[in-house]
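Hi there,

Here is the structure I promised to pass on to you. Please open it first, and then read my notes below.

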Amino acid sequence: MKKLALGLIFVFVLCLGLVSADISLSVDASSKNGNPGDSLSFTLTVENTGTESVDVTLTSSELTYGTETISAPSISDVSGIAASGSSTVSYSVTLPSTDAGTYDGTITAVDFADASNTATLSYAVVVDSYA
């Protein structure tokens, strides 16, 4: 009886390992340029390379250049990305009056059902001139 119970537990754990949702991120351009007051638009693709549907929460860090910062853009979450499917989300970064330079940020995707399933992507905006 113990062997049967252990065997069933092993099969259950093995099956759980076969069902997964793995996410990855890509963006239409890893860097875009503009001047203060410009709004730079990005298109983010969230891909599910796993075997089950996934809901993903998306966040961005502030973009930084030395001690200067640009506020993090708001990025919509995506729901119901089918296995082997993808979804696109657009977001914009409005450049404030700030020092010219390259401001770096990171987008993080987190599987709503499994917080250990994450993906990150670095991107940048280049402020060409000071307003």
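How many bridges join S2 to strand S10, and do these strands run parallel or antiparallel? Four bridges join S2 (residues 31-34) to S10 (residues 118-127), and the two run parallel. Strands here are DSSP runs of E with at least two residues, numbered from the N terminus, and two strands pair if DSSP finds at least two bridges between them. Within this pairing, Ser31 stands opposite Ala124 in S10.

Before going on, please note that this is a predicted model, where local features need pLDDT of at least 70, side-chain atom pairs count only at pLDDT 80 or more, and totals for chains, interfaces and linings use all residues. Residues are numbered from 1 along each chain as its sequence is written, and side-chain values use heavy atoms, leaving out hydrogens and water.

Now for the aromatic rings. Phe42, Tyr91 and Tyr123 form one aromatic cluster (rings of Phe, Tyr and Trp, the last by its six-membered ring, pair if their centres lie within 6.5 Å; planes under 30 degrees apart are stacked, over 60 edge-to-face, the rest tilted). The rings of Phe42 and Tyr91 have centres 5.2 Å apart and planes at 10 degrees, so this pair is stacked. Phe42 sits in strand S3 and Tyr91 in strand S8, 49 residues apart.

Enjoy exploring!
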